[in-house]
Amino acid sequence: MLEPYFQWMNNLAVSRFIGESIWIYPLVQAIHLLFLALFAGALFIVDLRLLGWGIREQPVAKLARDARPWLIAGFLGLVVTGIPQLLQNAMREYFSDFFWMKMTVMPIALIYTFTLRQWVVSMTDRSRVPPVVSKLTGLASILLWIGGVAVPARLIGLFT
Amino acid sequence: MADFFQPLHDLFFWVSEMENSVALRESQYVWPTFEVVHVVFVSLFAGLIVMMDLRLLGIGNMQTPFSQLQQRLFPWQMFGMAGAAATGLILVFGDPMRFYGNIFFWMKMLMMVIAAVNAMAFHYITYFSVESWDNASVPPLGAKLAGALGVGLWSFVIIAGRLIPYNWFQN
């Protein structure tokens with residue numbers, strides 16, 4: 001169904017331009033990883049706290065408010081450096097199960113982070129939710145983003 | 001120069017001939033599994049290092065006193081580093097000659113040493129006076145410098161690491 005669109009991306013002038021350069025694609029991959037680190041840091045600082053570890057002296061809502069701009073910046077950086085990789089590899093991505101897994105879990109993780117997780121973060125400090133709910137929320141966040149997005153993303157390049 | 005590096009070359013070559021090393025690089029799933037786990041540990045380590053460095057630079061996580069951030073994140077940073085180092089060592093063990101002749105691999109190793117020196121220098125010099133700037137909205141120059149160097153050096157480590165498969169300077 002989407003194949004024509006991927007064909008179209010594959011044949012864009014900019015895709016060919018990236019493909020012809022030996023260094024653009026590797027550097028984009030490397031910068032993608034820098035944004036991954038930023039994103040993961042802003043994610044873990046809150047999720048570890050939800051799990052009852054990390055910076056326990058601080059209310060989780062305070063940590064989340066501080067981490068939020070970096071989480072968003074990291075995510076936007078990942079998208080901006082992800083698009084050229086998709087353009088350059090459009091057909092390989094189209095036929096990769098890991099690519100579709102990543103693209104399916106990512107919107108779920110994104111919505112989860114800014115709705116359910118955000119809600120639990122705001123409830124945790126005043127003990128309005130049982131600790132086990134906070135813990136499961138942090139665990140689910142890590143499983144979604146790392147297990148459901150980052151790991152399959154790395155696997156696209158290793159198994160296709 | 002060639003003579004100087006000969007023992008290192010021989011060591012890497014000797015490892016590459018070991019049965020387990022050959023098995024690892026010829027494995028279909030084991031090698032890629034370690035590559036994936038390596039990236040996960042790196043993102044834990046580097047992510048929490050960046051969170052600390054942003055605080056040192058005075059631009060992130062400013063509602064938390066630095067000493068709290070440092071002490072609480074330190075075990076997780078070390079856990080990330082231990083996992084990244086262990087999986088990294090296994091990857092080198094599995095294909096030593098691929099790394100021996102790779103400029104990016106050695107740049108990465110060198111930058112890690114410099115980053116460690118930066119962390120130690122910060123710990124024994126600037127961190128000594130942490131009580132006077134723990135809550136300061138503008139950390140002292142020494143802290144900012146350590147934070148900037150930390151972000152820069154670890155970024156370099158990650159970039160060099162990602163470029164290892166692209167060995168443009170292979171002779």
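Which element does A:Ala64 lie in, and what does A:Ala64 touch?

Analyst: First, some housekeeping. This is a predicted model, where local features need pLDDT of at least 70 and side-chain atom pairs count only at pLDDT 80 or more, while totals for chains, interfaces and linings use all residues. Residues are numbered from 1 along each chain as its sequence is written, and chains are lettered from A and ligands numbered from 1 in the order in which they are written.

Now to your residue. A:Ala64 sits in helix 4 of chain A; helices here are DSSP runs of H or I with at least four residues, strands are E runs of at least two, and both are numbered from the N terminus. A:Ala64 counts as buried because it has 22 C-beta neighbours inside 10 Å. The cut-offs go like this: 20 or more other C-beta atoms within 10 Å makes a residue buried, 12 or fewer makes it exposed, and in between it is partly exposed, with C-beta atoms placed from the backbone.

Leaving out residues up to four places away in sequence, A:Ala64 touches A:Val46 and A:Val121; a contact means that the two C-beta atoms, placed from the backbone, lie within 7 Å. For a sense of distance, A:Pro130 is 66 residues from A:Ala64 in sequence and 19 Å away in space, C-alpha to C-alpha.

A:Val46 leads us to the largest nonpolar core, where it is one of the residues with the most contacts, along with A:Ala37, A:Phe39, A:Ala42, A:Ile45, B:Leu48 and B:Ile158. That core has 67 residues, a core being a set of buried Ala, Val, Leu, Ile, Met, Phe, Trp, Tyr and Cys residues joined through C-beta atoms within 7 Å. Elements giving it two or more residues include helix 4 and helix 6 (97-124) of chain A, plus helix 3 (30-57) and helix 8 (141-163) of chain B. Helix 3 of chain A gives the most, with 15 residues.

Where the chains meet, 31 residues come from chain A and 30 from chain B. On the chain A side, helix 3 (24-50), helix 4 (60-88) and helix 7 (131-158) each supply at least two residues, and helix 3 has the largest share, 14 residues. That side has 22 nonpolar, 4 polar and 5 charged residues; Ala, Val, Leu, Ile, Met, Phe, Trp, Tyr, Cys and Pro count as nonpolar, Asp, Glu, Lys and Arg as charged, and the others, Gly among them, as polar.

Helix 7 of chain A bends by about 30° at A:Pro152, the bend being the angle between axes fitted to the seven residues ending there and the seven starting there.

Zooming out, chain A has 7 helices and 0 strands, and buried residues make up 36% of its 160 residues. Its C-alpha trace spans about 55 × 30 × 20 Å along its principal axes. Chain B has 8 helices and 0 strands, with 34% of its 171 residues buried.
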